[in-house]
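Hi,

Have a look at it first, then read on.

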Amino acid sequence: MFGGLATAPVNSPHLRKSGSRAVVSDFGDEVGNDVEEDFLQTEANGVKNSSTTMSTVDIMPSPVLLWRFKVLLFFIWGFICCKVGWDSVMRMSADLRDLFLYEAFLYYNPLLLVTMMVWLWGVNLWVFAQSNVNYVKIFYLDQDHLTHREVWKCATWMTIIVPTSMTAYLYLYSHGEVSLAASQPVLLYIAVAMILIFPFDIFYLSSRYYLLRTLWRIVLPLQAISFSDFFLADILTSMAKVFSDLERSVCRMVHRQVATIAWFEADSVCGSHSVAIPLVLVLPYLFRLFQCLRQYKDIREKTALFNALKYSTAVPVIFLSALKYHVLPGSWTNFYRPLWLLSSVLNSLYSFYWDITRDWDLSCFTRIFKFNRPHLCSYLFHGHRWVYVWVIGSNLILRCTWTYKLSAHLRHNYLTVFAITVLEMLRRFQWAFFRVENEWNKMNSKSNIQLSEKDNTNEEAKSLISNDHNV
């Protein structure tokens, strides 16, 4: 039993040694089997994944259907907000209804106007993209800048959140929940401020940083002024009423006058006769004035001084209007009111002239009748003569009515002031098309001049080389 010859199977692992053929053949067979199994498994998984993908595609709705569903939900939400808000207002007594609506309008009017401006800016970007105006190069934007679709997405969320908070304010106050109602605008303002300064990489961090940095450069023009700096500063001048209402709203929140009638006293700290109102109204014009002075310091062109003079004409309009509540009625009627009218006419006409001849470069209205230098946007949607007539005429009218908004003593009817502010934003909206278009043409003309000078230099160099060869 012990002395007999024991035979082991060829495939026994005890006979496998390094370098033996059995090891290679056996291992190759195992590897081949494993590869074949893996291939079959991979093929099966591929068939499974493809079928899963096909089933997912079949399950996902079409983009058009999804968009229509979102629009339907948006209109349903709007109807609910209007219904709840109207029922809440009608629950109040008639003597308190107007006062309460005025207060609610004051808190939410600034954010509604900002939302409207965001919508209009998205339309501006869409038109620039369609007309091949390189606004990215004009505003020195990075690769992560917001497109018109992303701007509209932000505007959509603002359109949902702001009216929802206003509806909750109306509903809670009409049902006796005064403390909860007072917290609605406060929470909304805090949320907006936190989103703007949120330091983490969400909610379009690079775009928020770009906006805050541009605002900082506007407030403190310590560096050379870029196109985006004074472009945004010009938009802020059209939103001076928004900043004035923001100041009054924050003042009432700080003094705990939200959802109360105590603030209605005109001579109170947050009343309509407050000195802070003209100070806030004049700030955007002062920022733009300092920008012009800084630009003159950098480039030494007298045009910057004339532009600064234009913004300085808004200062007497604002402060002369505010003097009505701080001087005797006879002094206002006989002395200050004529000065206010004169300064208003001067500011409106000067601003209108500058828009046409400088910002838009219409060459003293000659482009109304001739298109010697057609612009890129002109080919797209405003290449007709009547459009220029409309733009110039509407700009003149709205420049004159904008003085109404800057005058604190004419702001009794808040709905009228709101309508004029909306019209001013529409004027700024159409102003942006021609202003950016004019800047784009200037950049193209400069690049063409540089290319022609470079070509001339190259031709002169070639002629010199050929003369040397001839000699």
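How close do the axes of α3 and α6 come, and at roughly what angle do they cross? They come within 10 Å of each other, and the crossing is at roughly 30 degrees. Before I go further, please keep in mind that this is a predicted model.

**Helix packing**

Two packed helices are described by the angle between their axes and the distance between the axes. Angles under 35 degrees count as roughly parallel, so α3 and α6 are roughly parallel to each other. Their crossing is left-handed.

Helix α3, which covers residues 94-130, also packs with helix α9, residues 240-254. Here the angle is about 135 degrees and the axes are 9 Å apart. α3 and α9 are therefore oblique to each other. The crossing of α3 and α9 is left-handed.

While you have α6 on screen, find V186, which sits in that helix. V186 counts as partly exposed because its relative accessibility is 27%. Its C-alpha atom is separated by 9.3 Å from that of S249, although V186 and S249 are 63 residues apart along the chain.

**The second largest pocket**

The second largest pocket holds about 840 Å³ of space. Its lining is made up of 30 residues, and those nearest the centre are F230, Q295, R435, E439 and K442. If you sort the lining by residue type, you get twelve charged, ten nonpolar and eight polar residues.

Which helix gives the most to that lining? The answer is α16, with eight residues. Helices that each supply at least two lining residues include α4 (135-138), α8 (227-238), α11 (302-312) and α13 (329-359). α10 also belongs on that list, as does α16 (414-470) itself.

F230 deserves a click of its own. This residue lies in helix α8, and F230 counts as buried because its relative accessibility is 11%, with the cut-off for buried being under 20%. Along the chain, F230 and R288 are 58 residues apart, yet their C-alpha atoms are separated by 6.9 Å.

**A look at α10**

Helix α10 runs over residues 276-299, and I277 is found in it. Is I277 buried or exposed? With a relative accessibility of 2%, I277 counts as buried.

Most residues other than glycine have a negative phi, and most peptide bonds are trans. Against that background, here are two residues to check in your viewer.

- Y204 has a phi near 60 degrees, which is positive although the residue is not glycine. You will find Y204 in the loop between α6 (178-197) and α7 (205-219). Y204 counts as partly exposed, because its relative accessibility is 32%.
- R256 has a positive phi too, near 55 degrees, and is likewise not a glycine. R256 lies in the loop that joins α9 and α10. R256 counts as exposed because its relative accessibility is 76%, and the cut-off for exposed is over 50%.

Cheers

Definitions and conventions:
Residues are numbered from 1 along each chain as its sequence is written. This is a predicted model: local features need pLDDT of at least 70, side-chain atom pairs count only at pLDDT 80 or more; totals for chains, interfaces and linings use all residues. Side-chain values use heavy atoms; hydrogens and water are left out. Helices (H or I, at least four residues) and strands (E, at least two) are DSSP runs, numbered from the N terminus. Buried means under 20% relative accessible area, exposed over 50%, partly exposed in between (1.4 Å probe, protein chains only). On a 1 Å grid over the protein atoms alone, a cavity is a set of points where a 1.4 Å probe fits but cannot get out, and a pocket is an open set with protein on both sides within 12 Å along at least five of seven lines; lining residues have an atom within 4 Å of a point. Grid points are joined across faces, edges and corners, and a volume is the space filled by probe spheres set on the points. Ala, Val, Leu, Ile, Met, Phe, Trp, Tyr, Cys and Pro count as nonpolar, Asp, Glu, Lys and Arg as charged, and the others, Gly among them, as polar. Axes are lines fitted to C-alpha atoms, for helices over the stretch in contact, and angles run from 0 to 180 degrees between N-to-C directions. Angles under 35 degrees count as roughly parallel, over 145 as roughly antiparallel, 65 to 115 as roughly perpendicular and the rest as oblique. A crossing is left-handed if the near helix is turned anticlockwise from the far one by less than a right angle, and right-handed if clockwise.
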